[in-house]
Amino acid sequence: MKKNITYILIFFLSFFIIFILYKSLNKENVYIPEKVLNEKISNFSSKDLFTENIINSEDFILKNKYSLINIWASWCLPCRAEHEILMEISKDDSIFLIGINYKERSVNAKSFLHKVGDPFDIIFTDKDGTLSINLGAFGVPETYIVNSDQEIIKRYIGTLSKKQFQEIKKIINK
Amino acid sequence: MKIIKFLLIVVFFSITLQNYLFGKENKLTVEKISKNLRCLICQGQSVYDSQSDFANSVKIIIKKKIEQGKSENEIYEFFTNKYGEWIVYDPKLNIQTVILWIFPLILFIFGGLLIIRKVFIN
Amino acid sequence: MLFSNVGHYSLIFGLIISVILILHSIKRLNDNNIILGKKIFYLLFSQFFTVVLSLIFLIYSFVISDFSNQTVYNNSHSTKPLFYKISGTWGNHEGSLLLWMFVLTLFIFIFFIKSKNQPKNYRLLTITFQQIIIIGFFLFLLLTSNPFNYLYPVPKEGLGLNPILQDPALAIHPPFLYLGYVGSSIIFSSSLAALIQNNVNKEWAVHIKKWILSTWIFLTLGIMLGSIWAYYELGWGGFWFWDPVENVSLMPWICLTALLHTIVVLEKKSILKTWILILSISTFTLSMSGTFLVRSGILNSVHTFANDPGRGVFILVFLLALVLLAIVIFFLYQDKNIKVEKKIFWMSKETVILINNWFMMYFLSVILVGTLYPLFLEVLTNNKISVGPPFYHKLILPFLVPFMFLMAIGPNLKWTKHNFNKINYQQILLLIVALIISFLIANLNGVNLLFVTVVIAFGFYLFFVTLKDFFEKKYNISQKLAHFAFSFFILSVLFNGIFSTEFSANMKIGDKIHFDEGIIKFKKIETYNNKNYKSLVGSFEIQDKKNNLINLNPEIRIYNQPSILTSEADIKTSFFYDKFLVFNILKDDNFFNVRYQIKPFMLWIWISILLLATSGLVSFIKKIK
């Protein structure tokens, strides 16, 4: 009897392990920490891309109902892909666009914006990438939607899609 | 003869122990901390191993934090607050990881009992 | 095109032979003819032949860059050097499975030839179980990973092999590892057959020990080759990362090492039968799960190159089926097999080997839990955690101390009952010497970890004891060599970990920087255009404290197909340390990230593992004689 119980236990244990492994097959490897959402972002400051003055994020975020923070660089191809969407969003006056220029020489960034258009209302420079790490970002491109209380409402890692564009529009036009 | 050897051991151990208890702290380095952080955008590499933009920026931040005089744990905490537990290679002991830490030890005790049963009781 | 077709049909033919073999074996189980005739021999040989044929055709397709074959198209490129075209055959999923099939069919063929003195039904059953495994892999190959898929229209050029896989160590690493993994399948089948036939006895132990030994040698070498590759290609100077894929290859090794020790007990004393069967089955299960975890890509690892959930499901179901098969057979036959076993006296070699197994299983459980726990936690609670080197070090290092102590004294104990008359002063003296040495080393070099000092001390103790034993008359050379190699290995790894120094900085051409260990000068960069990559070779001059100059020329390779950047370290190996220099492009054009490391005892780590494998080989040769 004792023997049988052992076997039954082993039997179910192997099923359990296989089941978990099966479940983990369908898990995605991309990972977004849940807790960052609905949390306040702390103030960040750095040089303005154009004027080179030190600017503070609070000065802009507190004033606007919604702000979109976008980490980008001209050398990053996925960023170029979402550029069009950002241009589209910038037409909407109810959202303030903050760019964070990631690890790039200002000259290259400026000439890129000059060529294809500048969707941003203000651009922070992030020469060594530490500003982005302080935001909890993974890299470029990455986008946050923040309200005037500095709370993160939405976070997108990677290129913005058409669908996400609609989602953003819905949020700001509520 | 025996006693001398025994004394030798005792002396050495006490010196060593003293050294460890009152010895100087190991210097905190970027190398040490970055080896214990996962490069989140890489495939299973530590921040130390990786040359990606993400890892390089993390290294800069670690350096700044060390210069600010932050302790090792404070630095890990900073990163877990930003990125969650996934970023540290040394999982903290809490409800979620208790099985991880004690399962091998329980198994060890259980194995020991089995051997005792096999050898002494039969 | 033609070759692909022949290769494909050849595999189907091999599958059919498997079915015939199983039916034939089952039919033969009940007859009274003791001799297994030519029929099985020819069947096994033709099965082996079909796989060889497929493999040759696949290699040939790679060599002539036949891009109508999808596998070739995905993984090769016409500009690739011939050597990597050939090794590229098993550098991808489909091809590596074909290689796996090759080893499977080869091993069962060898098993048949080499087991003539074994009972008929035992041989037949082993072949049956092995054919079940072979059928599983044939189906896996044909249904999910056919290496002979045809592409039309035929592409002009292939996509190329991942450049970090274009490496001599990695070209031979998979074959070795597979020889090890597949060897464990023979042990699995044979254990089940022996269980059913009530054949788990001394004779079986002698017979299966050869398989255990050879499997163990291949696995040891396979792991070492992978580690060497990681050291100079991935590693930034590291050679073991406790990465899930590495762990997965280490687990069957640990299990097999435990089995290797325990099978001797069966051979000498005819006890611990159930435990040996469990170890045999676990070794193979761990090898299979390893394949699953690596191939399905669910582990987040440096070594994962391709993933496909569909394949994962297949291996998972197959794995479950094999495990259930083993459990059912155990359930049905185990009671019949086990009579009351003789009692073990506490002070005897048997007990020490049991304790060895106890520790081995502990190490195994640490690695198993560390590897799987994050997966389980994520599925069950949606939380992601990482388990890395600190976890393994904390749980494994403390246990190495008693483990090495027992490794030193265990082999000198007698079987059955060891009389413990007098205290061995020699041993105590060696222990004291070891403690003093490690204490001095630690103190002189400012190592502030009591714990590491103690581990080093016991490493030295084991080292001295085994060294001393070499001078004694009566000893078992392979066992001594193995334990000696292990102490050598542990000491090298510890010293390497403690005394490695590194310097890293961003430099541009012409820079000269003073650092703790000397001066580093970045002289120039030269650009070369090679067949399938462009290379930037940096020229560095390093002056150490004693004013010795060395030149190191690390390389950055920009591969064109697929376009990937790799950095090739330049390593100057000497007897006591490696000098390791690697550099990398930074975004800010002119600067390069340079990392210079001095890694002591690197060479010794590899030598000790080779010694370990040699000890296995010595034992194997003695068995054959």
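The report below takes up the interface and then a surface patch.

This is a predicted model, in which local features need pLDDT of at least 70 and side-chain atom pairs count only at pLDDT 80 or more, while totals for chains, interfaces and linings use all residues. Residues are numbered from 1 along each chain as its sequence is written, chains are lettered from A and ligands numbered from 1 in the order in which they are written, and side-chain values use heavy atoms, with hydrogens and water left out.

Chain B and chain A bury about 1500 Å² between them, with 58% of it on carbon and sulfur atoms; buried area is the accessible area (1.4 Å probe) that two parts lose on being put together, summed over both. The table gives the residues in contact (heavy atoms within 4.5 Å).

| Chain | Residues in the contact |
|---|---|
| chain B | 18 residues |
| chain A | 17 residues |

Two salt bridges (a side-chain nitrogen of Lys or Arg within 4 Å of a carboxyl oxygen of Asp or Glu) cross the interface of chain B and chain A. A:D128 forms a salt bridge with B:K64, where the closest N and O atoms are 3.7 Å apart. On the side of chain B that touches chain A, the elements giving two or more residues are α3 (53–67) and α4 (72–83) of chain B, and α3(B) gives the most, with eight residues. Helices are DSSP runs (H or I, at least four residues), numbered from the N terminus.

A nonpolar surface patch of about 650 Å² is made by B:L93, B:V98, B:I99, B:I102, B:F103, B:L105, B:I106 and B:L107. Such patches consist of residues with over 30% relative accessible area and no salt bridge, nonpolar side chains (Val, Leu, Ile, Met, Phe, Trp, Tyr) being joined within 5 Å, and accessible areas come from the Shrake-Rupley method with a 1.4 Å probe, for which only the protein chains shown count as cover for residues. Of these residues, B:I99 lies in helix α5 (residues 98–120) of chain B.

How values were computed. Patches are made of residues with over 30% relative accessible area and no salt bridge: like charges are joined within 9 Å, nonpolar side chains (Val, Leu, Ile, Met, Phe, Trp, Tyr) within 5 Å.
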